[in-house]
Amino acid sequence: MDIETLRKYMAMRDSYSILETLDVFSGERKALKEFDYVIEAPNWTRDGRFLVYNSRGRIYKYELTSGQITELASGFAVDCNNDHVLSPDNSRIAVSHFTNEDATSRIYTLPFEGGEPTLVTEKGPSYLHGWSPDGARLAYCAERGGQYDIYTISVEGGEETRLTNLPGLDDGPEYSPDGRQLWFNSTRSGLMQVWRMNTDGSDPVHVVDEEANCWFPHVSPDGKWFVYIAYKKGDINPGDHPANKHVEIRLAPVAGGPSSTLVKLFGGQGTINVNSWSPDSRRIAFVSYRLKE
């Protein structure tokens, strides 16, 4: 998606956004704040103080105790999309920003307290999804030669490593808390489904096999659970994850077993694109939407 398409897409999304949290064990759902414009993709900081989200190209911090919102000073990176991730120590944030020279997404890092971005991926488009627990590498989805696959790269930049090379779309790569695996979603079996593989790309395992299109698996910090967003089969093409759809957020054990529906909502794109588990592995943050009349 180039920057002009993105802007047209955002303009079409005439929606209210509700920033919410959900206790995955008690089912308690709490609306924190309603916005009369689109916000997306909350991250939870490791100290439990903030939710970080994007809106209209900028990155913001929402303080949970006070409700205060602060824009993160991001220098020239003012066309950020909903693929942003905090470093394990929360000292830095990596963002996917649409660069001016060719209007495609590239990955940058900058201090979490704000500052000038540093380019990581020379090639675009690149869409960030994961930061390794040791802080050394980033995982992302990228289009190279007309095909979207999963790549990793040093946080310092340099040569990227391609991990998948099959027909169809591989997307949403995210490191497991122990750093041994990458979780991702793929259309390689037909519908969009949840998979995981070793961090060198070996031993891919089909984790979720459902009659639904399943996107963006996020593993809890304690490594016991994962959540993902599910679109009803037939509502979308397997390779799409549009906004303003009736979807479900589902929970399943990492060790194996059936999934359960945590919440049904009006959402999709922007709801839970990046990991939004609370540091105690009890709650998730997400965004739901309401269309304006």
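Two strands pair if DSSP finds at least two bridges between them. Helices (H or I, at least four residues) and strands (E, at least two) are DSSP runs, numbered from the N terminus.

This is a predicted model: local features need pLDDT of at least 70, side-chain atom pairs count only at pLDDT 80 or more, and totals for chains, interfaces and linings use all residues. Residues are numbered from 1 along each chain as its sequence is written, and side-chain values use heavy atoms, without hydrogens and water.

**Stop 1: the whole chain**

The chain has one helix and 23 strands. The C-alpha trace spans about 45 × 45 × 35 Å along its principal axes. Buried residues make up 55% of the 293. Buried means under 20% relative accessible area, exposed over 50%, and partly exposed in between (1.4 Å probe, protein chains only).

**Stop 2**

Select residues 80-86. This is strand S7, and seven of its seven residues are buried. Which residue of S8 stands opposite His 84? Val 95 does. Five residues lie between the strands; select Asn 90, which takes a positive phi near 65°.

**Stop 3**

Side chains of opposite charge can pair when their charged atoms come close. A salt bridge here is a side-chain nitrogen of Lys or Arg within 4 Å of a carboxyl oxygen of Asp or Glu. The structure holds 13 of them. Select Asp 23 and Arg 282: their closest N and O atoms are 2.6 Å apart. This pair links distant parts of the chain, 259 residues apart. Asp 23 sits in strand S1, and Arg 282 in the loop between strands S22 and S23. Asp 23 is buried, at 9% relative accessibility. Arg 282 is partly exposed, at 35%.

**Stop 4: Arg 106 and Asp 102**

Move to Arg 106 and Asp 102. Their side chains meet in a salt bridge of 2.8 Å, N to O.

**Stop 5: a network**

Finish with Glu 210, Glu 248 and Arg 250, linked in a network of salt bridges. Arg 250 meets Glu 248 at 2.9 Å, N to O. Both of these residues, Arg 250 and Glu 248, are buried.
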